[in-house]
Amino acid sequence: TCENCALCERRERVVHGYGDVGAEFILVGEGPTRGAERTGVPFTGDAVGERVQSILGDLGLVRSPPGSEEPDVQNVFLTYLTRCRNPERAATDREVDTCEPYLNAEIRMINPELLLPVGQRPLEELAFEYTTLSEDELDIGDRHATTIRGRGFEILPMIPPSEQTDTERTAFLDHFSDVLGQDYRQTKGRR
């Protein structure tokens with residue numbers, strides 16, 4: 001078990017990525033919630049996970065009902081910037097950097113077409129790694145339900161579902177569906 005940063009001192013369990021390792025999409029959140037830490041599966045165990053699963057279900061990427069502790073995911077992999085949770089604070093930059101090799105290994109192993117950052121911090125971390133955009137070009141409110149062309153991936157940012165209005169949810173679902181209708185695979189040049 002990892003003991004590379006201070007998050008290990010307060011965690012109950014490590015929450016590794018979960019889902020289809022042949023997926024075309026990776027959903028990346030900031031870090032485990034209390035529910036995800038309890039279940040050991042990203043985006044499960046609480047209302048936050050239920051909202052995410054509901055959106056993924058609407059997109060045809062989750063077959064099980066929202067709220068499942070082991071969702072039946074199809075063509076999507078669920079993960080976080082960090083694998084552990086401190087119940088009193090968000091992860092520090094150093095803690096995110098310490099977990100970065102795990103996320104990078106998942107991305108290299110799965111080799112997705114699209115990265116779906118959920119929230120401001122995942123957007124910034126992925127965009128800094130895979131695009132040439134500057135920090136002032138990365139507001140989640142402005143980038144929600146848009147496509148950012150990256151190096152090897154397209155990035156489709158999402159405002160966290162718990163913060164979305166109905167209009168923002170519909171905009172994301174519509175945009176994602178539009179992207180699926182296009183040949184998004186051209187970014188990889190492999191098909």
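Helix H3 carries a kink of about 40 degrees at Cys99, shortly before the proline Pro101. The bend at a residue is taken as the angle between axes fitted to the seven residues ending there and the seven starting there. Helices (H or I, at least four residues) and strands (E, at least two) are DSSP runs, numbered from the N terminus. The model is a predicted one, in which local features need pLDDT of at least 70 and side-chain atom pairs count only at pLDDT 80 or more, while totals for chains, interfaces and linings use all residues. Residues are numbered from 1 along each chain as its sequence is written, and side-chain values use heavy atoms, with hydrogens and water left out.

Glu95, Val96, Cys99, Leu103, Asn104, Glu106, Ile107 and Ile110 are the buried residues in H3, where buried means under 20% relative accessible area, exposed over 50%, and partly exposed in between (1.4 Å probe, protein chains only). An α-helix has 3.6 residues a turn, so residues three or four places apart point the same way. The cover over the buried residues of H3 includes E2, strand E3 (76–80), E4 and H4. After H3 comes Asn111, with a positive phi. Asn111 is not a glycine, yet its phi is about 50 degrees; it sits in the loop between H3 and E4 and is partly exposed at 27% relative accessibility. Most residues other than glycine have a negative phi, and most peptide bonds are trans.

Helix H4 comes next. In H4 (residues 120–130), the buried residues are Arg121, Pro122, Leu123, Glu124, Leu126, Ala127 and Tyr130. They pack against strand E2 (25–29), helix H3 (93–110), strand E4 (114–117), helix H5 (140–143), strand E5 (148–149) and strand E6 (154–155). Leu126 gives a close-up of this packing: beyond its neighbours within four places in sequence, Leu126 is in contact (heavy atoms within 4.5 Å) with Val28, Leu103, Ile107, Leu115, Pro117, Thr131 and Ile155.

In soluble globular proteins, nonpolar side chains tend to be buried together.

Eight salt bridges are counted, each a side-chain nitrogen of Lys or Arg within 4 Å of a carboxyl oxygen of Asp or Glu. Arg121 meets Glu30 in one of them, at 3.3 Å from N to O. This pair joins distant parts of the chain, 91 residues apart, with Arg121 in helix H4 and Glu30 in the loop between E2 and helix H1 (34–39). Arg121 is buried, at 15% relative accessible area, whereas Glu30 is partly exposed at 33%. Arg121 also forms a salt bridge with Asp93, the closest N and O atoms being 2.9 Å apart. Here helices H3 and H4 are linked, the two residues being 28 residues apart. Asp93 is exposed, with a relative accessible area of 55%. Through shared partners, Glu30, Asp93 and Arg121 are joined into one network. Elsewhere, Arg89 and Glu95 form a salt bridge with closest N and O atoms 2.8 Å apart; Arg89 is partly exposed at 35%, and Glu95 is buried at 4%.

The last stop is the loop between H1 and H2, which holds Phe43. Phe43 has a positive phi near 60 degrees and is buried, at 5% relative accessibility. Thr44 lies in the loop between H1 and helix H2 (47–58) and is buried too, with a relative accessible area of 0%. A polar atom of the Thr44 side chain lies 2.6 Å from the backbone oxygen of Val41. Beyond its neighbours within four places in sequence, Thr44 has contacts that include Thr33, Gly35, Gln53, Ser68 and Pro71.

Note on methods:
Polar contact = N/O pair within 3.5 Å; in protein donor to acceptor, adjacent residues only side chain to side chain.
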